[in-house]
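Subject: Structure handover and findings

Hello,

Here is the structure I promised to pass on. Please open it first, then read the notes below alongside it.

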Amino acid sequence: MPWPHIPLSPDPAAFPARPPTDLRDPAVITAHDQAAFDAVETMVDHWDRPGWTARTRSYYWMLTFPDSPALADLARRCQRHLAPLGLDPVPADGLHITLTRVGPAGALPPGLLDDVITAALPLLPTAFRLRAVPLAGSRGAVRLTVAPWLPVLALHAALGEAMTSRDLTPQKPTALFRPHLSLAYNNRPRLAAPVIESVTALRDLPPVDLHVREVQLVELRREGRSYRWEVVKSLPLDGLPRS
């Protein structure tokens with residue numbers, strides 16, 4: 001059974017601002033991601049985020065990949081090549097795809113997380129496969145393209161529906177979501193050209209296939225220049241993978 005089409009909208013705050021023309025084809029998505037990054041002129045400090053402190057804790061839905069040594073190996077290979085740029089590499093056990101924010105820890109009413117989990121369970125899509133492709137980026141990070149987008153969008157939409165049913169507003173609607181997997185965060189304003197040059201040299205590396213069987217609700221924090229988390233709940237994506 002094919003994944004349903006989920007229309008995306010242009011958004012100047014998203015990256016890429018315009019979605020790719022085909023949300024199923026990894027080649028189209030990869031070329032679109034790379035072209036968008038190649039057009040960036042200046043990069044910004046990813047960590048310049050007002051409101052985030054060492055004490056900040058927030059709940060997020062994420063995809064994590066602790067059981068993918070191939071992804072960790074690809075990340076390390078890319079990070080070694082990028083090391084002269086002074087970016088902040090994502091640790092092997094910190095690789096993730098952020099889906100949506102649920103809310104700040106300590107501010108949610110007791111029992112609300114359990115209610116959201118209960119609401120999400122019957123809405124979740126089946127397991128799916130993604131391809132992680134070297135290498136593109138954004139204004140604040142260097143990242144892998146993930147494709148196809150449709151299963152991730154279906155998961156994002158299901159989680160958003162579960163949250164809305166419990167009077168929580170998702171961080172952004174699915175129409176503005178752009179799936180990606182960051183490998184290194186930019187930590188200062190800089191010209192993008194040297195980063196793009198280094199990234200381009202990695203685009204012949206083979207991609208890695210990921211089998212997504214679970215989605216995680218985590219309590220997220222920052223430790224220095226990296227994100228860390230505790231898993232609150234892993235929800236299974238039941239059923240046979242769809243193409």
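Arg221, Glu223 and Glu230 form a network of salt bridges. A salt bridge here is a side-chain nitrogen of Lys or Arg within 4 Å of a carboxyl oxygen of Asp or Glu. Between Arg221 and Glu223, the N to O distance is 2.8 Å. Between Arg221 and Glu230, it is 3.6 Å. Arg221 is buried, at 16% relative accessibility. Glu223 is partly exposed at 40%, and Glu230 is partly exposed at 47%. The cut-offs: buried is under 20% relative accessible area, exposed is over 50%, and partly exposed lies in between (1.4 Å probe, protein chains only).

A word on the source. This is a predicted model: local features need pLDDT of at least 70, side-chain atom pairs count only at pLDDT 80 or more, and totals for chains, interfaces and linings use all residues. Residues are numbered from 1 along each chain as its sequence is written, and side-chain values use heavy atoms, with hydrogens and water left out.

By the salt-bridge rule, the count comes to 7. One of them joins Asp209 and Arg131, at 2.9 Å from N to O. This pair links distant parts of the chain: Asp209 sits in strand β9 and Arg131 in strand β5, 78 residues apart. Arg131 is partly exposed, with a relative accessible area of 35%. Helices (H or I, at least four residues) and strands (E, at least two) are DSSP runs, numbered from the N terminus.

The two residues also stand opposite each other in the strands: Arg131 faces Asp209 of β9. Strands β5 and β9 (residues 208–212) run antiparallel, joined by 5 bridges. Two strands pair if DSSP finds at least two bridges between them. β5 is also joined to β6 by 5 bridges, again antiparallel. There, Ala132 has Val146 of β6 as its bridge partner. β5 and β6 make a hairpin, with 3 residues between them. How much of β5 is buried? Of its 10 residues, 8 are buried.

Next, helix α5 (residues 193–200). Its buried residues are Val195, Ile196, Ser198 and Val199. They lie on the same side of α5, because they cover an arc of only 165° around the axis. That arc is taken from the directions from the helix axis to the C-beta atoms. On the other side, Ala193 and Glu197 are exposed. What covers the buried residues of α5? The cover includes α1 (26–38), β1 (42–43), α2 (69–82), β5 (128–137), β6 (141–147) and β8 (190–191).

Last, the core. A nonpolar core is a set of buried Ala, Val, Leu, Ile, Met, Phe, Trp, Tyr and Cys residues joined through side-chain atoms within 4.5 Å. The largest one has 81 residues, and Trp61, Leu99, Leu181 and Val215 have the most contacts inside it. Helix α4 (residues 150–164) gives the largest share, 8 residues. Contact means heavy atoms within 4.5 Å. Leaving aside neighbours within four places in sequence, Leu99 is in contact with Trp61, Met62, Leu63, Val152, Leu155, His156, Leu159, Phe177 and Val215.

Best wishes
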